[in-house]
Amino acid sequence: MVSCGQQTDTVTDTVAEVISPVEVTTISRTALAEYTELSAVSSYQQKSYVKANINGYIQSAKAVVGNRVTAGSLLFSLITKEARAIGNAVNQLDPGLRFSGVSTIRADQSGFITSVSHQKGDYVQDGEALAVISNQNSLVFLLDLPYELHRLLSNQQAVEVLLPDGERLEGQISGSLPVVDSLAQTQRMIIKVSTPQQIPEGLIGKVKIRKASSPNAQVLPKSAVLSNETEDEFWVMKMTNDSTAVKVPVKKGIENDKLIEIVSPIFKSNERIISTGNYGIADTAKVKVVKQL
């Protein structure tokens with residue numbers, strides 16, 4: 001019986017430590033403001049109702065929905081049913097009477113016609129509505145402001161209204177209604193705007209309201225600040241040397257779409273903070289800086 005000895009070689013595998021490529025930035029100081037965005041709806045506060053001034057038939061109708069009119073423009077002409085029945089017979093009997101039985105109706109103010117309720121040939125009664133004119137100069141945007149934010153807006157304050165097509169209108173708070181919606185707890189604010197173009201009623205615009213500001217904020221890009229799932233803890237990854245990053249808890253302040261204010265701690269201007277590649281890396285992680293912003 002031959003005995004064969006077996007020798008087992010133990011091989012130790014060395015796993016190379018993962019080094020994450022990152023981009024870094026430094027702290028900067030700038031004026032920063034935080035805004036909240038709310039919806040506002042266009043409306044014309046002044047509407048002129050064109051009404052019949054006699055009982056009779058509409059002889060001509062020049063009012064067309066969408067047309068712009070000026071004060072004094074002819075909109076309708078009406079003729080009484082008596083004049084329509086006898087025609088020009090009275091004038092033939094006595095030309096001095098100059099009887100026509102025709103009454104003209106003109107626009108009281110400039111604007112554009114939003115509705116026409118009667119057409120040529122219709123019989124109407126005295127005081128009956130024929131058309132509606134919206135006053136171009138009465139354009140406002142109505143903003144339903146949550147009451148907890150009412151201190152942020154005051155009368156005569158300038159605001160900007162952003163329309164869906166990207167146009168920006170300069171506006172001013174001209175007043176507010178002294179009532180609060182009992183369910184939504186919002187107060188209606190009136191924003192007066194001035195524009196030469198015709199804005200349709202019911203158009204929804206966006207109004208940015210400044211909630212807070214800091215004239216000299218310590219800021220970092222939003223990508224540099226990390227948080228937990230409940231967003232009640234925040235931190236950044238700071239470089240301690242050329243290859244090591246450590247976790248530093250921070251307290252954040254106001255923010256916009258690009259920057260976040262760091263209230264504490266106060267970083268030095270030359271300290272490097274990871275801005276890209278920081279997600280998921282552990283404290284005291286090994287990293288490789290590929291770019292410094």
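Modeller: One term before we start. A charge sits over a ring if NZ of Lys or CZ of Arg is within 6 Å of the ring centre and within 35 degrees of the ring normal. Keep in mind that this is a predicted model.

Biologist: Fine. Which ring does the charged end of K247 sit over?
Modeller: The ring of W235. The distance to the ring centre is 4.1 Å.

Biologist: And what about K252, which ring face does that one lie over?
Modeller: That of F234. Here the ring centre is 5.1 Å away.

Biologist: Switching to ring on ring. How many aromatic pairs are there?
Modeller: Two in the structure. Take Y44 and F112: their planes are at 80° and their centres 5.1 Å apart, so this pair is edge-to-face.

Biologist: Where do Y44 and F112 sit in the chain?
Modeller: Y44 is in strand β2, residues 28–44. F112 is in strand β8, residues 111–116.

Biologist: Are Y44 and F112 buried or exposed?
Modeller: Buried, both of them.

Biologist: How much of the whole chain is buried?
Modeller: Of its 293 residues, 37% are buried. The accessible surface is about 18,000 Å². Carbon and sulfur atoms supply 49% of that surface.

Biologist: What is the secondary structure of the chain?
Modeller: Two helices and 21 strands.

Note on methods:
Residues are numbered from 1 along each chain as its sequence is written. This is a predicted model: local features need pLDDT of at least 70, side-chain atom pairs count only at pLDDT 80 or more; totals for chains, interfaces and linings use all residues. Side-chain values use heavy atoms; hydrogens and water are left out. Rings of Phe, Tyr and Trp (its six-membered ring) pair if their centres lie within 6.5 Å; planes under 30 degrees apart count as stacked, over 60 as edge-to-face and the rest as tilted. Helices (H or I, at least four residues) and strands (E, at least two) are DSSP runs, numbered from the N terminus. Buried means under 20% relative accessible area, exposed over 50%, partly exposed in between (1.4 Å probe, protein chains only). Accessible areas come from the Shrake-Rupley method with a 1.4 Å probe; for residues, only the protein chains shown count as cover.
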